[in-house]
Amino acid sequence: MVSLTRHIFERQRLQPDGADEFFTIMNRIVSGGKRIARDLRQAGLTDSLGLTDTRNVHGEQVQRMDARANELFVEAFQDSGIVQIVVSEEMDEPFVVAAAEESGKYAVFFDPLDGSSNIDVNAPLGSIFSIHRLDPTGNFLKAGCEQVAGGYLLYGASTILVYTCGEGVHQFTLDPVAGEFFLSASNVEIPPRGKIYSANEGNSSKWSKSMRNIVDYFRAEDKETGRPYSSRYTGCLVADVHRILLKGGLYLYPGEGQRPEGKLRLMYESAPLSFVVEQAGGLGSTGVERIAGIHPKTPHQCVPLVIGSREDVEVAEHFLCRE
């Protein structure tokens, strides 16, 4: 079996000007993910469940495991010497790593624990990451098409890691006995069309008419196009997108009434997931423009997300572009 460590080492050739640095960053992300997986397994026994008294930059109340996951990822880069900036959903401002202020060449973006509402009920959770190079001016707000690598960890029946560095998508599964991730699927390809759509239909009263029409379209019966699609929604973005990646279909999180920009964060949710899905042959879009081409204005900028099988995303864009 091919270990993740060996796989990353072999992929260093894709980073000719920073091969060793890429290896170090990925290994530290993996280390943080393993520690989170361990803590989640023990959460009900260690008084780690429940809410804290704080809210994140988006006004959401922070769970104890949210805070713990953020702490573990920040800690992973405290002495790396090459990651200068860590941006996280759980921190209002970018964290500047003091030990790398002079030598750091990279910024790493995280959603440390996606799907927080699932924590207390033992439902799927995830972590999302994106790696960017700093330019000579220290700028770290870059379009998704400039990512060095992106991916996610999914904590479910097993712990898996999916990532891309621009040459295919690879999935690894954690062997809890060996304490190592091993390759379980290489060069993953998303079907061009699926049979599943995923959306929080409890918010449908806040959607535009075009968005409601999209869901109505995929629920309508039409044998020629394989409809109706089945509805699947877990409340964990990583879990829902992972299902779409493997089985095909469409994930939608649109803008809503008072929040036309949507809820999902560009830099550490929509952009890395779109990088993965597009490397697998799918599409990541706001409904009117490609996610990978958006130049962020702020670290926590939000965008609508329409992501999944190419043909299904194009159908959704057809509805949304007519708004």
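Tutor: A cavity, on a 1 Å grid over the protein atoms alone, is a set of points where a 1.4 Å probe fits but cannot get out, and its lining residues have an atom within 4 Å of a point. The model is predicted, so that local features need pLDDT of at least 70 and side-chain atom pairs count only at pLDDT 80 or more, while totals for chains, interfaces and linings use all residues. Residues are numbered from 1 along each chain as its sequence is written, and side-chain values use heavy atoms, with hydrogens and water left out.

Student: Which residues line the largest cavity, and what is its volume?
Tutor: The lining consists of A199, N200, N203, W207, L252, Y253, P254 and E256. A volume here is the space filled by probe spheres set on the points, which are joined across faces, edges and corners. For the largest cavity that volume is about 30 Å³.

Student: How do the residues of that lining divide by class?
Tutor: Ala, Val, Leu, Ile, Met, Phe, Trp, Tyr, Cys and Pro count as nonpolar, Asp, Glu, Lys and Arg as charged, and the others, Gly among them, as polar. On that scheme the lining of the largest cavity divides into five nonpolar, two polar and one charged.

Student: How are the axes of α4 and α7 oriented to each other?
Tutor: Helices are DSSP runs of H or I with at least four residues, and strands are runs of E with at least two, numbered from the N terminus. Axes are lines fitted to C-alpha atoms, for helices over the stretch in contact, with angles from 0 to 180 degrees between N-to-C directions; those of α4 (residues 209-219) and α7 (residues 310-320) come within 9 Å and cross at roughly 140 degrees. Angles under 35 degrees count as roughly parallel, over 145 as roughly antiparallel, 65 to 115 as roughly perpendicular and the rest as oblique. That makes α4, relative to α7, oblique.

Student: What is the orientation of α5 relative to α6?
Tutor: The axes of α5 (residues 237-247) and α6 (residues 266-279) come within 11 Å and cross at roughly 15 degrees. The orientation of α5 to α6 is therefore roughly parallel.

Student: Where is P228 found, and which peptide bond is cis?
Tutor: P228 is found in the loop between α4 and β12 (230-231). The cis peptide bond, with omega near 10 degrees, runs from R227 to P228.

Student: Where does N122 lie, and what is its phi?
Tutor: N122 lies in the loop between β5 (106-114) and β6 (125-133). Although N122 is not a glycine, its phi is positive, at about 60 degrees.

Definitions and conventions:
1 Å grid on protein atoms, 1.4 Å probe; cavity = no way out; pocket = protein on both sides within 12 Å on 5 of 7 lines; lining within 4 Å.
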